[in-house]
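Good morning, and thank you for coming. Please look at the structure on the screen while I describe some of its charged pairs.

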Amino acid sequence: MEIQWLKAFLAIAEQGSVSDAAAHLHLTQPAVSKRLAALEQQLDTALFDRIGRRLQLTQAGRVLLPRARHILNEVSDAERELHTLGTEVSGSLRIATSHHVGLHHLPPVLKSFSNLYPNVALDIDFVDSEQAYEALVAGEYELGVVTLALKDYPGLEARVIWPDPCVVVAAPDHPLALKPKLQLADLSDYPAILPDLSTYTGRLIKRAFDARGLKLTAKLATNFLETIKMMAGVGLGWSVLPQTLVDESLAVLPVEKLEVLRNLGVIHHRARTLSNAAGALRQLLLEAAQREQAEKPDNHHKN
């Protein structure tokens, strides 16, 4: 079974068509079709159903997909491990990051990385943190820079880079913002605009309400924190946002006994040999964590 056949099969499965797979692999469509046909002939089974313009995996294709991905990851790891015998930081590096981390925390690190290692071609995908975890487990990325999960993933190593405390907010003229002191129960009387309750941030908030047997009414849900900030700022509901996003468009609500601390960090698969490029980026992230720790007010000596 040829490795190139498996690469063509995997590209078609991920891209959904031969033409898109060909563009992804920088090959002609006939070349990709020929490789798929050769694989199907060797296996003596169809791997895709041709439905309109799209290709859908057959049962045999669904069985082969995770195995093909595993085989190609093993080949890639072998090539990478041999390559890392050298010291050159070059090649391509595919990482996943969430929109919030990618927009508000990662840019300075990426700028330093780009300046230090101009021969690395970065391929950055913006995905939800939960999706990034599953993709790292499947070996689709070398690194993820995301909101860290509330549970341990045995196959993944996670390191905290930026602690990200959150606060309860609302528009300055929202009825809740006019009260000098609030209990969690007060929030139950008003709709909230929150990340989906299946996300790590959403679960943290829901856990706090469930622990007290309180109702949580989510009027609108979106996973884009900048969108949540805008909707809360115009008075559509209260929300919970990272302290770093709060500005004059929002009032911080003095809610007692509600602490939401997210951790943002870097994850990678324990069984995967990191390329020189991935190792260099991870090191820059760990150095950012050290700076974050050193700059905390309680770490400075008082005069």
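At 41% relative accessibility, E14 is partly exposed, a label for values between the limits of buried (under 20% relative accessible area) and exposed (over 50%), with a 1.4 Å probe and protein chains only. Please note that this is a predicted model, in which local features need pLDDT of at least 70 and side-chain atom pairs count only at pLDDT 80 or more, while totals for chains, interfaces and linings use all residues. Residues are numbered from 1 along each chain as its sequence is written, and side-chain values use heavy atoms, leaving out hydrogens and water.

What is the partner of E14 in its salt bridge? The partner is R69, with the closest N and O atoms 3.1 Å apart; a salt bridge is a side-chain nitrogen of Lys or Arg within 4 Å of a carboxyl oxygen of Asp or Glu. Because R69 lies in helix α4 and E14 in helix α1, the pair ties together parts that are 55 residues apart in sequence. Helices here are DSSP runs (H or I, at least four residues), as are strands (E, at least two), numbered from the N terminus. R69 itself is buried, at 17% relative accessible area.

A second salt bridge joins R262 and D164, at 2.7 Å from N to O. R262 lies in strand β11 and D164 in strand β6, so this pair links parts 98 residues apart in sequence. Both R262 and D164 are buried.

Finally, K206 and D210 form a salt bridge at 2.8 Å between the closest N and O atoms. Both lie in helix α9, four residues apart, about one turn of the helix. In the whole structure, a search finds ten salt bridges.
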